[in-house]
Amino acid sequence: MYQRYPKEVVLTDGKEIVLRPVDRADLEKLVSFYRNLSPEDRWFFKEDPREPEVIRQWIENQERGNAFSIVAVHEEEVVAHASLLWRSGGGRKHMGKLRVMVGEPFRRKRLGTWMVFDLTKRAMDLGLRKLRADFVVGFEDLAIEAVQKLHFTKECVIRDYVRDQNGRYHDCQIMIRDLHEQWGDF
Amino acid sequence: MGRFLTTLMEIPNRNSNEQAFSVEGEKVFIRSFLSPDEIVRLSFNESMPKYARYRPLIQDKNILIKAASGPDANVTLAIAPDRRIVGAGILQYPSPEERWNEVGDRLVMEVSAVEVSGPWRSRGLSRHILRLLMDHPLKEERIFYMVGFSWTWDIDGKGITAMEYRNMLIKLFGGEGFRIYQTNEPNVMLRPENLFMARIGGRISEAVRRRFKWVRFGLDMHLDEP
């Protein structure tokens, strides 16, 4: 079978990055990556990824076949993490959900774009029909802009859905990409 | 085999290589490094477009003749005994506007087409065409690349999904030493199933490999580095 990873990408500032699937040996590096993020960046996670147990569960989820995660590695350090999550049955089986976190020094250099692009390929390989990504308006506007360039469209906004550390409410923007568009769109 | 081809093609070509196959009782000959004169004498099956969403890359014989007249080009054809072209492959330098020329003068060549006529598909012809296409005397001194744009794929004709077609191409070109490389080339980035693969010749220097990397990501700021 053709080996698809590692994948080498070069960012707009010339930094070289390797994308590869997460494995158990990445646990400490991933914990360290999340511990180095600002509290604002971590705030909107459902769980606290600074906890090794949380990362361990994410890795086990991948091993069970309900998720696929990749890390971006620069000089041996994890600098970004992205996951594709899906359900094994039911009415949303055709749907994948994306979660991407890029460390501050590597933002605005298209690393997130490369990771979303890579996971979109994976989703298509898995036969998924739609991809969903949720963003907090006002915090993740650059990411919203970036995924729009990757053919995600603004599906809907849930008003005042999330609350920041100071108790202020923010809208949640749901973005969707159809993976099997009509050929006519070109 | 050789005798038939000598009859079929009387003009000798020192680079030319040839193979003969019998496919379900029908003979087909595959020959590389065809000259424009040789191609002129063959007939071209122009009934390739069968499905509304598919337009063949090679739509007439002139494309093959023009390619064969280019420097170092290899036009490899699959030819039926009645001199009909039933499959074709083209290896040539990219057009002047392509970014790949920035790697260096005549360092990069493109596999710009590998196509087989409808009735001859799914018989392994493309694998043989590609093999002879790659059997090039400059193979180790050049970077060969291919781009796969899903809107050129005959997915309806094959009855498979774009990702399955992509995987088929990966297997086909992977067998000839090609690897997937990431690139921000806008057309490749248009769709996730699009594909860029390359084979870097064994005698390509480290400096050229680096330039190839920068060019793939459109980073011309690094191109003057030693």
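**Close-up views of the predicted model**

**In helix α4(B), the residues Leu125(B), Ser126(B), Ile129(B), Leu130(B), Leu132(B), Leu133(B) and Met134(B) are buried.** The model is predicted: local features need pLDDT of at least 70 and side-chain atom pairs count only at pLDDT 80 or more, whereas totals for chains, interfaces and linings use all residues. Residues are numbered from 1 along each chain as its sequence is written, with chains lettered from A and ligands numbered from 1 in the order in which they are written. A residue is termed buried if 20 or more other C-beta atoms lie within 10 Å of its own, exposed if 12 or fewer do, and partly exposed in between, with C-beta atoms placed from the backbone. Helices (H or I, at least four residues) and strands (E, at least two) are DSSP runs numbered from the N terminus. Helix α4(B) spans residues 125-134 and is mostly covered, with 7 of its 10 residues buried. Its buried residues are covered by elements of chain B including β1 (18-23), β2 (26-31), β4 (74-79), β5 (84-92), β6 (108-116) and α6 (162-174).

**Helix α8 of chain B (residues 206-216) has Arg211(B), Phe212(B), Val215(B) and Arg216(B) as buried residues.** These residues lie on the same side of α8(B), because they cover an arc of only 135 degrees around the axis; the arc is that of the directions from the helix axis to the C-beta atoms. The buried residues of α8(B) pack against β7 (143-148) of chain B, where contact requires C-beta atoms, placed from the backbone, to lie within 7 Å. On the face turned away from the buried side of α8(B) are the exposed residues Glu206(B), Ala207(B) and Arg209(B). Just after the helix, Gly218(B) adopts a positive phi of about 65 degrees.

**Strand β9 of chain B (residues 195-200) is largely enclosed by the rest of the structure, because 5 of its 6 residues are buried.** Strands are said to pair if DSSP finds at least two bridges between them. Strands β7(B) and β9(B) run antiparallel and are joined by 6 bridges, and Tyr145(B) stands opposite Ala198(B) in β9(B). Strand β8 of chain B (residues 179-180) also pairs with β9(B) in the antiparallel sense, over 2 bridges. Here Ile180(B) faces Met197(B) of β9(B).

**The largest nonpolar core contains 51 residues.** Such a core is a set of buried Ala, Val, Leu, Ile, Met, Phe, Trp, Tyr and Cys residues joined through C-beta atoms within 7 Å. Ala78(B), Ile143(B) and Tyr145(B) touch the most other members. Leaving aside residues up to four places away in sequence, Ile143(B) touches Val103(B), Leu107(B), Val108(B), Ala198(B), Ile200(B), Gly201(B), Ile204(B) and Phe212(B). A second, separate core of 43 residues includes Val78(A), Trp114(A), Ala123(A) and Ala143(A).

**At the interface, 14 residues of chain B are in contact with 14 residues of chain A.** Helix α6(B) supplies 4 residues, the largest share of the side of chain B that touches chain A. That side comprises 7 nonpolar, 3 polar and 4 charged residues. Ala, Val, Leu, Ile, Met, Phe, Trp, Tyr, Cys and Pro count as nonpolar, Asp, Glu, Lys and Arg as charged, and the others, Gly among them, as polar.

Key: Contact = placed C-beta atoms within 7 Å.
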